[in-house]
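My notes follow, in the order I checked things.

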Amino acid sequence: WVVWYDCLVSSLTLFAVFFLARAVWRSDWAGLAASLLYAPLYPSYGRTVRNLFLREDFAVPLIVAALWLTMRLLGNSGTGVSPVPGSRLNGRDARSTTAAALVWLAALASWHLTQFVLVVFVGALVVVWLAGRLGEDTRRLRWLVAGLALGGVLVPVLRAKQFYLSPV
């Protein structure tokens with residue numbers, strides 16, 4: 001049963017790769033191409049085949065899904081109308097931000113190396129922000145960071161690892 005479960009969970013990464021590529025390039029064909037390129041790569045399944053259910057087998061789909069949700073959060077404004085600076089999040093933005101924060105927290109709690117992925121992603125966002133390309137998206141990112149900070153204190157595994165003190 002564990003072997004089948006391991007295969008099922010690790011294959012969820014294909015769907016997450018599809019949605020991430022679709023969010024980045026705004027094309028279903030790009031998502032399909034990314035999934036088709038990812039599937040036969042030995043690193044995508046090699047450790048799963050040789051070992052039985054490592055932590056990263058569970059965490060990698062969560063990491064890619066968290067990246068997708070964050071990119072989706074950055075890619076839509078929710079209503080199409082520019083919000084007033086400092087205003088509250090609308091319902092769609094609040095749900096997207098909450099979903100992204102919860103998936104990031106699940107990934108962070110399940111595998112310690114997720115922090116390194118988050119550091120690279122945050123570094124890239126800082127570069128984009130310094131280039132002046134984020135605009136109103138910084139409002140949604142502030143809520144995402146607040147959710148991650150709150151989760152870093154409330155989730156026992158992250159609190160024990162002192163995630164709240166990390167530079168992320």
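Before I call anything buried, I note the cut-off: buried means under 20% relative accessible area. I also keep in mind that this is a predicted model.

**Entry 1: aromatic rings.** I looked for aromatic pairs and found 3 in the structure. I took the pair of Trp104 and Phe121 and checked how the rings sit. Their centres are 6.2 Å apart and the planes meet at 35°. Planes under 30 degrees apart would count as stacked and over 60 as edge-to-face, so I wrote this pair down as tilted.

Where do Trp104 and Phe121 sit in the chain? I found Trp104 in helix H5 (residues 91–110) and Phe121 in helix H6 (residues 114–130). Then I looked up accessibility: Trp104 and Phe121 are both buried.

I also noted one aromatic cluster, made up of Phe18, Phe19 and Trp68.

**Entry 2: positive phi.** Next I went after backbone angles. Arg26 turned up with a positive phi of about 55°, and it is not a glycine. I placed Arg26 in the loop between helix H1 (2–25) and helix H2 (28–38). Is Arg26 buried or exposed? Its relative accessibility is 64%, so I put it down as exposed.

Gln162 is another non-glycine residue with positive phi, near 55°. I found Gln162 in the segment after helix H8 (156–160). Gln162 has 43% relative accessibility, so I logged it as partly exposed.

Definitions and conventions:
Residues numbered from 1 in each chain as written. Predicted model: local features only at pLDDT ≥ 70, side-chain atom pairs only at ≥ 80, totals over all residues. Heavy atoms only, no water. Phe/Tyr/Trp six-rings, centres within 6.5 Å; stacked < 30°, edge-to-face > 60°. Helix = DSSP H or I, 4+ residues; strand = E, 2+ residues; numbered from the N terminus. Buried < 20%, exposed > 50% of the residue type's maximum accessible area, 1.4 Å probe, protein only.
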